[in-house]
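Hello,

Here is the model I promised to pass on to you. My notes on it come just below, so please have the structure open while you read.

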Amino acid sequence: MNKIKTFLTIGATVAMLALPVAAKTALITQDKPAAQEGCSDQAKDALYATFRENLQKDQPKAYEAGKKYLACPAGTPNENQQKIIDYVTRFVTRYEEATRKGRVNEVLYNEKNYPEAFKIGREILATEPDNVAVLVHLGANGYLVAPLKNDQLVTEAVQYSRKALQLLESGKTLDDWGPLQTKDVGVAYLNYTIGALTVEKDPSNALKNLIKSAQYETPLKKSAVTYALIAGAYETGPYAKMSDEYKTNFLNKDETPESKLALANINQIVDRMIDGYARAVALAGTDAKLAAQKTQWQDSLKQWYTFRNKSETGMTEMVASILSKPLPPEPTPLTSLPAAPAATTPIGTSGGATPNNGTGNGAGNGAGNGAGSTTKPAATTTATTTPASANTKAAPAKPGTPGKPRR
């Protein structure tokens, strides 16, 4: 699971498809003037004069001058200076209250100062908890807070995304979707935020959101990382659970119809993992920024594909054609065995390879790498097998950000 943290932290700093890399320290502290420049008495007098001159004719300019004035050290002001400070402070506070709704998108999309955008949004939502515009924009960009390692922002991003989706599903909408452009883009990124930020702790439910995020025509649908996360969520969620159950109930016991059925359900999940890794490899292509990750995804793909098919035959052709096929939904649990024998059915159809009474613990890293111990291929003689890349860290790239998608 620690590898997912590495994935989210490293992944959100490379290979942006739409907007520039975000969340840098300079942005977090950008409201603090460097070395308090321009704060001599003469400079402060000039700022105050600009502030007064523009109170009526150009309030944005007055606001900027007022902010700079207040940012200067006050020292021990005399009575008149304190009156000026109080006067400017009242204006700046009221101006921010009147314009903060518009400021959310300005700070979020243009300044990319995510802590500040969430701070402004938090203030708005305190009095307008159902402000759908604020919830949508903060939620759709919420996955970008992962590198900041700020638990509060992560929690808020997930909460806002879920609330936004509930409001949209109830019929609420936006008159202007702004940089998101359409509802579909908003819904895709809201789901992605939930999936990406919860996949470590709750992979099975995160999987549902990740799959939804890939259903719309956005950069997410064409991002290798999306499918690496989907494969990892299958691996650390349903696969790990079902593999552990198989080991508890059937390991080292005679084969039964029940054990065959359990294995058939496991193989459905493995097929989805193979599909996810294949899409990640295909979409990574020749992108130099994804070269290391692509190698890891290829290793995982090779291990799982070989497990299911007992050879690499057909794997290259599968990768070449995988993007022409729709992303498969989560498999429906089987309640009876497929017609074809599980031990001889090739990948892509029902059933799959049958182990000699054993599966492993299914502990994967959830970030697009190999799994831990796997269900045993028929060709092996030990109780479990462990793919070679089980302990290899992945550092996938960040998918396209919300905003204006690249055409």
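I'll start with the inside. The largest nonpolar core has 82 residues, and among these Val136, Leu138, Tyr192, Ile230, Trp297, Leu301 and Trp304 touch the most other members. By nonpolar core I mean a set of buried Ala, Val, Leu, Ile, Met, Phe, Trp, Tyr and Cys residues joined through side-chain atoms within 4.5 Å. Helix H11 (residues 224-250) gives this core its largest share, twelve residues. There is also a second, separate core of 14 residues, including Phe51, Tyr63, Ala65 and Tyr69. In soluble globular proteins, nonpolar side chains tend to be buried together.

A word on where this comes from: the model is predicted, local features need pLDDT of at least 70, side-chain atom pairs count only at pLDDT 80 or more, and totals for chains, interfaces and linings use all residues. Residues are numbered from 1 along each chain as its sequence is written, and side-chain values use heavy atoms, with hydrogens and water left out.

Now the overall picture. The protein has 14 helices and zero strands; helices (H or I, at least four residues) and strands (E, at least two) are DSSP runs, numbered from the N terminus. Of its 407 residues, 51% are buried, where buried is under 20% relative accessible area, exposed is over 50% and partly exposed is in between (1.4 Å probe, protein chains only). If you take the contacts (heavy atoms within 4.5 Å) between residues at least 6 apart in sequence, 71% of them join residues at least 24 apart.

Helix H8 (residues 151-169) deserves a look of its own. After H8 comes Gly171, with a positive phi near 115°.

Most residues other than glycine have a negative phi, and most peptide bonds are trans. Lys149, although not a glycine, has a positive phi of about 55°; this lysine lies in the loop between H7 and H8 and is exposed, with a relative accessible area of 66%. Gln181 also has a positive phi, near 75°, and sits in the loop between H8 and H9. With a relative accessible area of 32%, Gln181 is partly exposed.

How many disulfides are there? The count comes to one, with a disulfide taken as a pair of cysteine sulfur atoms within 2.5 Å. Cys39 and Cys72 form the link, their sulfur atoms 2.0 Å apart. The two cysteines are 33 residues apart, Cys39 in the loop between helix H2 (25-28) and H3 and Cys72 in the loop between H4 and helix H5 (79-111). Both Cys39 and Cys72 are buried, and the link is left-handed, with -80° about the S-S bond.

Asn54 is in the loop between helix H3 (41-53) and helix H4 (59-71). At 5% relative accessibility Asn54 counts as buried, and its side chain reaches the backbone oxygen of Thr50 at 2.8 Å.

Lastly, the aromatic rings. The structure holds twelve aromatic pairs: rings of Phe, Tyr and Trp (its six-membered ring) pair if their centres lie within 6.5 Å, with planes under 30 degrees apart stacked, over 60 edge-to-face and the rest tilted. Phe118 and Tyr160 are stacked, with centres 5.9 Å apart and planes at 15°. This pair links helix H6 to helix H8, 42 residues apart, and both residues are buried.

Best wishes

Methods: A polar contact is a pair of N or O atoms within 3.5 Å; within protein, one must be able to donate a hydrogen and the other to accept it, and residues adjacent in sequence count only if both atoms are side-chain atoms.
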